[in-house]
Amino acid sequence: MKISVAGLPKSPNQIGRSHWAVQAKEKREWAEKIAWLAKAEHKGEPLNKAHIVFRVYVGDNRRHDPDNLAWAVTKPTLDAFKGIVLVDDSIDNVSLEYEYLRDKPRRFEVEVYELD
């Protein structure tokens with residue numbers, strides 16, 4: 001399964017000092033957007049074990065911290081996938097891989113591979 005999500009969530013550096021309600025709204029909106037895309041693409045039962053590849057397109061030549069980008073896309077994606085694409089998102093069931101690219105437009109892609 002593969003989904004492409006337009007735009008990028010705010011990184012922890014961008015939103016970390018905001019009021020908790022602003023942070024919660026940001027996370028909820030991204031999780032809902034990703035959940036809708038996942039429901040449209042994933043047919044069948046949630047997977048027990050999966051390998052997930054994130055491709056993050058930053059869209060510019062500025063300096064970016066990969067840890068902040070990873071957190072910004074991983075958390076809402078795994079939260080959205082739970083119950084739709086994945087049975088559980090624990091480390092026993094999910095392995096993650098990241099690739100960072102400077103291509104435009106800003107977006108991220110998620111590919112999910114079922115593991116035995």
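Student: What makes Phe54 count as buried?

Tutor: In this predicted model, Phe54 has a relative accessible area of 0%, and because buried means under 20% relative accessible area, Phe54 is called buried.

Student: Why does Tyr98 count as partly exposed?

Tutor: The relative accessibility of Tyr98 is 29%, and since partly exposed covers what lies between the limits of 20% for buried and 50% for exposed, Tyr98 counts as partly exposed.

Student: Why is the pair of Phe54 and Tyr98 called stacked?

Tutor: A pair of aromatic rings is described by the distance of the centres and the angle of the planes. The ring centres of Phe54 and Tyr98 are 5.3 Å apart, and rings pair if their centres lie within 6.5 Å; their planes stand at 15°, and planes under 30 degrees apart count as stacked, so the pair is stacked.

Student: What makes this a pair that ties together separate parts of the sequence?

Tutor: Phe54 belongs to strand β2 (residues 50–57) and Tyr98 to strand β3 (residues 94–101), so the pair joins parts that are 44 residues apart in sequence. Together with Tyr100, Phe54 and Tyr98 form one aromatic cluster.

Student: Why are helices α2 and α3 described as oblique to each other?

Tutor: The axes of α2 (residues 20–41) and α3 (residues 66–81) come within 8 Å and cross at roughly 50°. Angles under 35 degrees count as roughly parallel and those from 65 to 115 as roughly perpendicular, and α2 and α3 are therefore oblique to each other. Their crossing is right-handed, and the contact is made by Lys27, Trp30, Ala31, Ile34, Ala35 and Ala38 of α2 with Pro76, Thr77, Ala80 and Phe81 of α3. Sorted by class, this contact has eight nonpolar residues, one polar and one charged.

Student: What makes the aromatic pair of Trp30 and Phe108 tilted?

Tutor: The model holds three aromatic pairs, and in this one the rings of Trp30 and Phe108 are 6.4 Å centre to centre with 40° between the planes. Because stacked requires under 30 degrees and edge-to-face over 60, the pair is tilted. Trp30 in helix α2 and Phe108 in strand β4 (residues 107–114) are 78 residues apart, and both Trp30 and Phe108 are buried.

How values were computed:
Residues numbered from 1 in each chain as written. Predicted model: local features only at pLDDT ≥ 70, side-chain atom pairs only at ≥ 80, totals over all residues. Heavy atoms only, no water. Axes fitted to C-alpha atoms, helices over the stretch in contact; angles between N-to-C directions. Helix = DSSP H or I, 4+ residues; strand = E, 2+ residues; numbered from the N terminus. Parallel < 35°, antiparallel > 145°, perpendicular 65-115°, else oblique. Left-handed = near helix turned anticlockwise from the far one by under 90°. Contact = heavy atoms within 4.5 Å. Nonpolar A, V, L, I, M, F, W, Y, C, P; charged D, E, K, R; others polar. Phe/Tyr/Trp six-rings, centres within 6.5 Å; stacked < 30°, edge-to-face > 60°. Buried < 20%, exposed > 50% of the residue type's maximum accessible area, 1.4 Å probe, protein only.
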